[in-house]
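Please read it alongside the sequence and coordinates shown below.

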Amino acid sequence: MSHQRCLRYELLGQRGLTLWFTGLSASGKSTICYSLENKLLEERRLCYCLDGDVMRKGINSDLGYTNNDRTENIRRLGEIATILTDMGAITLVAAITPFQKDRSNIKRMHERKRLPFWEVFIDCPLAICEKRDPKSLYAKARNGEIQQFTGIDSPYETPEHPDITLHTANSTIEECVQFLLTKIHCFLSSSNEANYKKTEILSSFIHE
């Protein structure tokens, strides 16, 4: 870990961490992310939610829904996530991320920079996602108004080995958020945040 990163973590009193929420549209990714963000903020934890839908209206507004554009969309989100996590934030990314190769690339991107990364699979059957359909996207896809829609005429590749799986068909948002909070608290505790005290960091400078 770089001295600069240590100093940032000491300043914040926490380590950075990326949680990448993947799953079908209407599975509950964004709802869980924003609810978790609120809980962490109430605990005075620095965190930030990167919502794939919101990002497509800004930095990714030039991208469409071809396979190449989807990959570039995820790559950009991944780069932003590593910056926030390197800064010390708990970074919550809500993006369908339908392809295994893209999820693997994001994980490797974090590993190269020695940043902790959790893949969180929001597992919800397509039939239930379609029934929810808050933005009527599935209905439009079924009617041919939207092309290349994940789960309808574009595949979603189920994660092979996610770090966490949440079953939102039979779990409430509150239950999912509490489960994640417990995991995050364990992570922060096991990180031994005392290691980031300024005196210890200054000592490392002296001995090197």
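**Overview**

An unreviewed UniProt entry lists residues 15-166 as "domain: APS kinase"; UniProt positions are given in the numbering used here, feature names are shortened, and annotations may be inferred rather than shown by experiment. The model is predicted: local features need pLDDT of at least 70, side-chain atom pairs count only at pLDDT 80 or more, and totals for chains, interfaces and linings use all residues. Residues are numbered from 1 along each chain as its sequence is written, and side-chain values use heavy atoms, with hydrogens and water left out. Helices (H or I, at least four residues) and strands (E, at least two) are DSSP runs, numbered from the N terminus.

**Sheet**

- Five strands form an open sheet in the order β2-β3-β1-β4-β5, with parallel pairing; two strands pair if DSSP finds at least two bridges between them.
- The edges are held by β2 (47-51) and β5 (164-167), each with a single partner strand, so one side of each is left without a neighbour in the sheet.
- From one strand to the next, the twist averages 20°; axes are lines fitted to C-alpha atoms, for helices over the stretch in contact, and angles run from 0 to 180 degrees between N-to-C directions.
- Strand β1 (residues 17-22) is joined to β3 (residues 90-94) by five bridges, and Leu-17 has Ile-90 as its bridge partner in β3.
- Five bridges also join β1 to β4 in parallel, with Val-120 of β4 as the bridge partner of Phe-21.
- β4 and β5 run parallel and share four bridges; Ile-122 is partnered by Leu-166 in β5.
- Six of the seven residues of β4 are buried, where buried means under 20% relative accessible area, exposed over 50% and partly exposed in between (1.4 Å probe, protein chains only).

- Helix α5 (residues 100-112) lies across β1 and β4 (117-123), and runs at about 155° to β4.

- Not counting residues up to four places away in sequence, Leu-19 touches several residues, among them Leu-36, Ile-90, Trp-118, Val-120, Leu-180 and Ile-184.

**Cysteines**

- The structure holds zero disulfides, a disulfide being a pair of cysteine sulfur atoms within 2.5 Å.
- Cys-33 is in no disulfide, and the nearest cysteine sulfur, that of Cys-49, is 4.4 Å away; Cys-33 is buried, with a relative accessible area of 0%.
- The closest cysteine sulfur to that of Cys-124 belongs to Cys-129, at 3.8 Å, too far for a bond; Cys-124 also counts as buried, at 5% relative accessibility.

Conventions. Contact means heavy atoms within 4.5 Å.
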